[in-house]
Amino acid sequence: MKEIRLPSVVDFYISSPEQPNTMELEINKLTANIFKSHRETCQFRVEELQALQWKQFTREEVMVYQCKSIEEMWERCACRLTDAIQYVVEFAKRIDGFMEFCQNDQIVLLKAGSLEVVLVRMSRAFNQENNTVFFEGKYAGTEIFKSLGCMDLVTSMFDFAKSLCTLHLSEEEVALFTALVLINSERQWLQEKAKVERLHTHVDMAFKRILLRNRRDGLLSKLFQKMAVLKLLCAQHIEKLRAFRQLYPLIVHSLFPPLYKELFTCDTDLQTVIE
Ligand SMILES: CCS(=O)(=O)c1ccc(CNC(=O)N2CC3(CCCC3)c3nc(-c4c(OC)ncnc4C4CC4)ccc32)cc1
């Protein structure tokens, strides 16, 4: 009986372009699937964001934002964030293998990773020349978010977007990096960790191969450092939300989007975020 040998990770690295092995073909297919999923769910294309980058809020418009109440600004940002997260949920659902995870693990990965993916994607909407970011139709500086009452978080998010911009990620690199951030087998409460780990390994291989091909292999270590910053930013966001909710529980309960509450507060029983 001929022994069946599953292609190993090593096989992938020793295959030759002339005779791609099954692992190579599988990684090619996953790479194309992630690029396509990102293109179809990126919310705004880079070209659109760049075309708008000199559309700046006037001083008067900035002042109107600064005069808004903390409740209104928090509600607006929660709604904008939820808009962005809905595209991330769709991105995840289109990644081959994600819908094969059990529902608990799909929700665990989205609860832990969706804001991280939004923040990586948000760097595409950052204008490094004048430190502004696209928000509600125009580009704004940090001053527009003053009435949120959490300028430390705002500044950290701006700094993160700026630091990511300096890496000049291509859309393919954003696609693969955000897939890697999302399909993270180290997330707490996973029930089928081995299954998530297998897909994570394949996404990791796909990403490393693209970086090698583009002669960007130094990028991965820099991106791993960014993952640590992403974790801190998300913890800061949860902390600020908790403080806001202590002051305005009814605003959160009645005006914040259900998806935002399911992902970022613990008092709602987990509905299906994956329709
Ligand atoms: C993502 C896909 S995309 O196609 O690239 C894309 C799609 C839409 C937009 C419009 N902006 C937007 O929806 N949002 C949402 C939120 C609010 C809350 C978190 C995330 C946010 N945040 C910022 C932002 C900050 O962006 C770097 N940096 C500091 N503070 C803030 C706000 C106080 C939270 C700035 C815009 C912004 C931008 C980009």
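Contact here means heavy atoms within 4.5 Å. Helices are DSSP runs of H or I with at least four residues, numbered from the N terminus.

This is a predicted model, where local features need pLDDT of at least 70, side-chain atom pairs count only at pLDDT 80 or more, and totals for chains, interfaces and linings use all residues. Residues are numbered from 1 along each chain as its sequence is written, and side-chain values use heavy atoms, with hydrogens and water left out.

**Helix α8 and its partners**

Let's start with α8 (residues 171-182) and α10 (residues 219-247). On the α8 side, E173, F177, L180 and V181 make the contact, and they meet L219, L223, M227 and L230 of α10. Sort those residues by type and you get seven nonpolar, no polar and one charged. For that sorting, Ala, Val, Leu, Ile, Met, Phe, Trp, Tyr, Cys and Pro are nonpolar, Asp, Glu, Lys and Arg are charged, and the others, Gly among them, are polar.

As for geometry, α8 and α10 pack at about 50°, and their axes lie 12 Å apart. An axis is a line fitted to C-alpha atoms, for helices over the stretch in contact, and angles run from 0 to 180 degrees between N-to-C directions. The pair is therefore oblique; under 35 degrees would be roughly parallel, over 145 roughly antiparallel, 65 to 115 roughly perpendicular, and oblique is the rest.

Helix α8 also meets α2 (residues 22-41), and here the axes come within 9 Å and cross at roughly 100°. That makes α2 roughly perpendicular to α8. From α2 come T31, I34, F35 and H38, which touch E171, E172, V174, A175, L176 and A179 in α8. This contact divides into six nonpolar, two polar and two charged residues.

The cut-offs are under 20% relative accessible area for buried and over 50% for exposed, with partly exposed in between (1.4 Å probe, protein chains only). Skipping neighbours within four places in sequence, T41 touches Y87, E90, F91, R94 and R121.

**Salt bridges**

Side chains of opposite charge can pair when their charged atoms come close. A salt bridge puts a side-chain nitrogen of Lys or Arg within 4 Å of a carboxyl oxygen of Asp or Glu, and the whole structure has 23 of them. Here are some of the pairs:

| Pair | N to O distance | Relative accessibility |
|---|---|---|
| E72 and K68 | 3.4 Å | E72 29%, K68 17% |
| E90 and R94 | 3.0 Å | E90 27%, R94 33% |
| E239 and R242 | 2.6 Å | E239 43%, R242 45% |

E90 and R94, both on the T41 contact list, sit four residues apart in α5 (residues 70-94), so about one helical turn separates E90 from R94. E90 is partly exposed, and R94 is partly exposed too. In α10, E239 and R242 are three residues apart, again about one turn of the helix. E239 counts as partly exposed, as does R242.

In the remaining pair, K68 is buried, while E72 is partly exposed.

Technical notes
Helices (H or I, at least four residues) and strands (E, at least two) are DSSP runs, numbered from the N terminus.
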